[in-house]
Amino acid sequence: MYRTFLRNIYANKEISEKAIRSSGLDWTLVYPTMLTKGPAKGTYLAGERLPMRGIPTISRADVADFLYKAARSPEWIHRDAVITD
């Protein structure tokens, strides 16, 4: 059921990611785990691939912190980032 329901969403995701990657711009694609409304912890994991168990989460505040730092550093240009607590 979910596969059918999400098929168009994932098709659009692939198209948009391909457009971003081939744009010639500096880009970073960020994939946070389940978002929470909690306060920033200030410590989170970021990597192109991360081992995860259970239901990983990250606060919106920590995502904002990562986005701010990634925008001001060349470290994540032309890379995907998975982020989680």
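A salt bridge is counted here when a side-chain nitrogen of Lys or Arg lies within 4 Å of a carboxyl oxygen of Asp or Glu, and by this rule the count comes to five salt bridges. The structure is a predicted model, in which local features need pLDDT of at least 70 and side-chain atom pairs count only at pLDDT 80 or more, whereas totals for chains, interfaces and linings use all residues. Residues are numbered from 1 along each chain as its sequence is written, and side-chain values use heavy atoms, with hydrogens and water left out.

**View A. The salt bridge between K13 and E17 in helix α1.** The side chains of K13 and E17 meet at 2.9 Å, N to O. Both residues belong to helix α1 (residues 2-21), where being four residues apart separates them by about one helical turn; helices (H or I, at least four residues) and strands (E, at least two) are DSSP runs, numbered from the N terminus. An α-helix has 3.6 residues a turn, so residues three or four places apart point the same way. K13 is partly exposed at 33% relative accessibility, while E17 is buried at 14%; buried means under 20% relative accessible area, exposed over 50%, and partly exposed in between (1.4 Å probe, protein chains only).

**View B. The salt bridge between D80 and R21.** The closest N and O atoms of D80 and R21 are 3.0 Å apart. This pair links distant parts of the chain, with D80 in strand β5 (residues 79-84) and R21 in helix α1, 59 residues apart. R21 counts as partly exposed, at 36% relative accessibility.

**View C. The surroundings of D85, with K41 and T43.** K41 forms a salt bridge with D85, the closest N and O atoms being 3.5 Å apart. K41 lies in the loop between β2 (34-36) and β3 (45-47), and D85 in the segment after β5, 44 residues apart. K41 is exposed, with a relative accessible area of 59%, whereas D85 is partly exposed at 31% relative accessibility. T43, which lies in the loop between β2 and β3, is exposed at 56% relative accessibility; T43 and D85 are 42 residues apart in sequence and 6.8 Å apart in space, C-alpha to C-alpha.

**View D. The buried and exposed faces of helix α2.** D62, V63, F66 and A70 are buried in α2, and they cover an arc of only 105° around the axis (taken from the directions from the helix axis to the C-beta atoms), which puts them on the same side of α2. The face turned away from this buried side carries the exposed residues Y68 and A71.
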